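Q: Hi! Could you walk me through this one?
A: Happy to, here it is.

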Amino acid sequence: LKAVILIGGPQKGTRFRPLSFEVPKPLFPVAGVPMVQHHIEACAKVPGMKEILLMGFYQPHEALSRFLVSAQQEFKIPIRYLQEYAALGTGGGIYHFRDQILSGGADAFFVLNADVCSEFPLQEMLEFWQQHGDVQSFVILGTTANRTQALNYGCIVANADTQEVQHYVEKPSTFVSEIINCGIYLFTPAIFQHIGEVFQRNQQELALEESSNGWQRAEVIRLEQDVFTALAGSGKLYVYKTDGFWSQIKSAGSAIYASRLYLNQYSKSHPERLAQNKLGGPVIRGNVYIHPTASIDSTAVLGPNVSIGEGVTVGAGVRVRESIVLHGASLHDHTCVLNTIVGWDSTIGRWARVEGTPSDPNPNDPYAKIDSETLFRDGRLTPSITILGCSVTIPAEVVILNSIVLPHKELSRSYKNQIIL
Amino acid sequence: AGPLALARDLLAEDGEPFFVLNSDVICEFPFAALAHFHRQHGGEGSLVVTRVEEPAKYGVVVCEADTGRICRFVEKPRVFVSNKINAGLYIFNPGILQRIQLRPTSIEKEIFPAMAQDGQLYAMELQGFWMDIGQPKDFLTGMCMYLQALRAQHPEKLHSGPGVVGNVLVDPSARIGANCVIGPNVTIGAGVVVEDGVRIKRCTVLEGARIRSHSWLESCIVGWSCSVGQWVRMENVTVLGEDVIVNDELYLNGANVLPHKSITESVPEPRIIM
């Protein structure tokens, strides 16, 4: 059994800027650890998992290499990075590396998108696949969305008894189904035959066209549009529906929402990872993660849903709520940080207020998903999570509201609803 | 001016001149100098004028340079006529009551022009600061001017100590916590409690209010018995009426809050909360 985690590359994940300027998006910390570490932890727990492959088109990167080393040590399982020579789509990469994936005689393998946050019911998917008998079949993890938001995802129509996928459409413009594709799949080696057919077809089409792109384009294969759509109704594709938590992580705002989901999971499965109220320590409300090297004044009040990174200092009387504070940042006395991502090594001066607007899904709708809002609406910046890029300096006593501050900026006054270059 | 007619018997009682003041004005109130000026010229009435940068916002006074006798008034002139305006501080002989009937009367529009025509009205120029404090924004400006004058004349009345910056007036019964920075230009009323780590600049805090810890206030008026929560930021002439409660961690920008309201959400852009 193996797992492949698709981590994309610099051209992807641009909605995550300016945070993705410093660190590849899959390594951005969510609930205190790199986004992709949650995937690795879930995969490593599945009995029989032999190897985890990270696949993407990032150039070799120091942060990535360091992460792979530490993750291997922590989870005691081989983890490798396979670099695609170009962006090959969600299907092209695994097709290109099919020999590596199947090496050692894997009879099945998971494929997971890095930019999702999930309970990862991998064991349950495996059991479902084993139970319904067809070893050549594939499983998509699905969840329920509301009718409006389902249009933003891959929609799955399945047989109510067998869960066989009868119809699949990626981001339809009219309602098809409220069961959506979570971006987590269980494949068998037979998948490569189907991907290969798409590849052949692409090549044939290209041969007919006069194209200067060469054969690179034939290798770009999208699992969703090219493979699943064709496999629907063929008896080979099944959906395993989950009610566990799930969210895409496309924007900075969704990183805070995903943190909340994972921190909530910690409170049930790994409560030792969360900060506790204790004598001489800061006041903790709800689920809070604090890195052991962070230094927090005892009069600070943190939470709910706060992640404090490595080496962060939090001064006296500081209030942090629904925020992520990244490595090395410094919050001076009496600051108030709400719905914000504070970038690496940033400084927030005394009594400053740094505040964003959450874009959480409707809490009254159990199937609501976080919206990927456009940056502007009607010519104005949509109120959103405030983001301070790396090494930003916020002076004392100002207010920064619903703004995005690019790295290394030293502000001298208050800002509201602005992108500060 | 009508109310003066109502008080006719009281005012005319001893035949002495009497002062009349607009209550929404702040200055050094030169009563002695005004009384002296009035007796000197022997006219029916004297008013105080002050020099302003933008006279077109007010009623302008045109008078003779040497005697101070007022020639005429021009209300909100569109071209520059004079930079002296009526400061809202008067002294009259009881005889003026003959001119005033018991009905709603504007002293500036009806009584003064007639007196000026008769050559009976004189203007004395005010020394020192003056402000019309009818609007909250101007109230705070006037407060700053008042504190500055206090610094010059009675500096011992101002508050000093660790965490006090500039001109700050604090009632003896008020309590200020640790690690606060108060001022410049702050007045704190009786029984006010300011908790730890609060920063207040250019504000008036009225009697009985409580400002909870780590909050930040600039250019605000906090009404009687208000309670401002922890980590609140209030700025840009936010005015809280009596007994307003502001929840923790909110941001109020130019909020005008009527009495007895509870504020549970931030007010990011100026508006009135009824």
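Q: How much area do chain B and chain A bury between them?
A: About 1500 Å², with 48% of it on carbon and sulfur atoms. Buried area here is the accessible area (1.4 Å probe) that two parts lose on being put together, summed over both. Keep in mind that this is a predicted model, where local features need pLDDT of at least 70, side-chain atom pairs count only at pLDDT 80 or more, and totals for chains, interfaces and linings use all residues. Residues are numbered from 1 along each chain as its sequence is written, chains are lettered from A and ligands numbered from 1 in the order in which they are written, and side-chain values use heavy atoms, leaving out hydrogens and water.

Q: Thanks! Which three residues supply 46% of the area that chain B buries against chain A?
A: Those are Trp231(B), Arg233(B) and Glu249(B), and they supply more than any other three residues.

Q: And how many salt bridges are there between chain B and chain A?
A: Four, where a salt bridge is a side-chain nitrogen of Lys or Arg within 4 Å of a carboxyl oxygen of Asp or Glu. One of the salt bridges pairs Glu397(A) with Lys201(B), with the closest N and O atoms 2.9 Å apart.

Q: What does the side of chain B that touches chain A divide into?
A: Seven nonpolar, six polar and six charged residues. Nonpolar covers Ala, Val, Leu, Ile, Met, Phe, Trp, Tyr, Cys and Pro, charged covers Asp, Glu, Lys and Arg, and the others, Gly among them, are polar.

Q: New topic: what does the domain assignment of chain B give?
A: Domain 1 is 3-132 and domain 2 is 136-272; the bounds come from an automatic or database domain assignment. Their centres, taken over C-alpha atoms, are 35 Å apart.

Q: How much area is buried between domain 1 of chain B and domain 2 of chain B?
A: About 540 Å², and carbon and sulfur atoms give 74% of that. On the side of domain 1 of chain B, Glu28(B), Phe129(B) and Met131(B) supply 73% of the area buried against domain 2 of chain B.

Q: How many salt bridges are there between those two domains?
A: Zero between domain 1 of chain B and domain 2 of chain B.

Q: Last one: what share of chain B is buried?
A: Of its 274 residues, 48% count as buried, meaning under 20% relative accessible area (1.4 Å probe, protein chains only). The C-alpha atoms of chain B fill a box of roughly 60 × 40 × 40 Å along the principal axes.

Key:
Buried < 20%, exposed > 50% of the residue type's maximum accessible area, 1.4 Å probe, protein only.
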